[in-house]
Amino acid sequence: MTTFIGYNSIDQTKKFTLTDFELVKRDFLNALNIQKGEKPGRPGYGTTLWSFLFENQGPQFVDNITAEIQRVAAGDPRIFINAVRVFPQDNGIRIEIDTQTKQSNVGNLLNVFFNQQSSRATYV
């Protein structure tokens, strides 16, 4: 049974409708690609993760990223974050996010790459 139904035109050619976890994934990635304060009328929407990309990558760096991922996910009542792991990579960082939708007990692992050069977050 489909619980969530939405519309997506990013990287789509024919089927624009997304449902359930695919819609939640797209909405979460959209929030990670918008800098906090950038969306008109919603100053708390988006993320400050982009400011962390050029910081020294120590324990505080990982804690800050984990806290920010949790904050962004808390803005979406459909998703729950179980764990976050951060890995430095060439030209950015990769974040593994162990998620679960509130409608099911099935866990999903999201790998998000934050690219410094393109200033875009993408699933890998």
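# Questioning the labels

Biologist: Arg 85 has a relative accessible area of 33% and is listed as partly exposed. Why is Arg 85 called partly exposed?

Modeller: Buried means under 20% relative accessible area, exposed means over 50%, and partly exposed is what lies in between, using a 1.4 Å probe and protein chains only. Arg 85 has 33%, so the label is partly exposed. This is a predicted model, in which local features need pLDDT of at least 70 and side-chain atom pairs count only at pLDDT 80 or more, while totals for chains, interfaces and linings use all residues. Residues are numbered from 1 along each chain as its sequence is written, and side-chain values use heavy atoms, with hydrogens and water left out.

Biologist: What makes the contact of Arg 85 with Glu 96 a salt bridge?

Modeller: A salt bridge needs a side-chain nitrogen of Lys or Arg within 4 Å of a carboxyl oxygen of Asp or Glu. For Glu 96 and Arg 85 the closest N and O atoms are 3.1 Å apart, so the pair qualifies. Glu 96 lies in strand β4 and Arg 85 in strand β3, so the bridge ties together parts that are eleven residues apart in sequence. Glu 96 has a relative accessibility of 15% and therefore counts as buried.

Biologist: Which other salt bridge does Glu 96 form, and how do you know that it counts?

Modeller: Glu 96 also bridges to Arg 94, with the closest N and O atoms 3.0 Å apart. That value is within the limit, so this pair counts too. Arg 94 is buried as well, at 16%.

Biologist: How many salt bridges are there in the structure?

Modeller: There are five. One of them joins the side chains of Arg 71 and Glu 68 at 2.8 Å, N to O. These two residues are three apart in helix α2, which means about one helical turn between them. Arg 71 is partly exposed at 30%, whereas Glu 68 is buried at 7%. Asp 27, Asp 76 and Arg 78 are linked in a network of salt bridges.

Biologist: You speak of helices and strands. What is the secondary structure of the chain?

Modeller: The chain has two helices and six strands. Helices (H or I, at least four residues) and strands (E, at least two) are DSSP runs, numbered from the N terminus. Along the sequence the pattern reads β-β-α-α-β-β-β-β.

Biologist: Why is the pair of Trp 50 and Phe 114 called edge-to-face?

Modeller: Rings of Phe, Tyr and Trp (its six-membered ring) pair if their centres lie within 6.5 Å; planes under 30 degrees apart are stacked, over 60 edge-to-face, and the rest tilted. One aromatic pair is counted by this rule. The centres of Trp 50 and Phe 114 are 5.2 Å apart and the planes stand at 65°, so the pair is edge-to-face. Trp 50 is in the loop between α1 (20–33) and α2 (59–74) and Phe 114 is in strand β5, so parts 64 residues apart in sequence are tied together. Trp 50 and Phe 114 are both buried.

Biologist: What makes Lys 39 sit over the ring of Tyr 45?

Modeller: The rule asks for NZ of Lys or CZ of Arg within 6 Å of the ring centre and within 35 degrees of the ring normal. The charged end of Lys 39 is 4.5 Å from the centre of the Tyr 45 ring. Lys 25 lies over the face of Tyr 123, at 5.3 Å from the ring centre.

Biologist: Which residues touch the most other members of the largest nonpolar core?

Modeller: A nonpolar core is a set of buried Ala, Val, Leu, Ile, Met, Phe, Trp, Tyr and Cys residues joined through side-chain atoms within 4.5 Å. The largest has 27 residues, and those touching the most other members include Phe 28, Ile 69 and Phe 114. Helix α1 gives the most to this core, six residues.

Biologist: Last, what makes phi of Asn 91 worth a remark?

Modeller: Most residues other than glycine have a negative phi. Asn 91 is not glycine, yet its phi is positive, near 60°. Asn 91 is in the loop between β3 and β4, and at 38% it is partly exposed. Ser 119 also has a positive phi, near 55°. Ser 119 lies in the loop between β5 and β6 (120–123) and is partly exposed at 44%.
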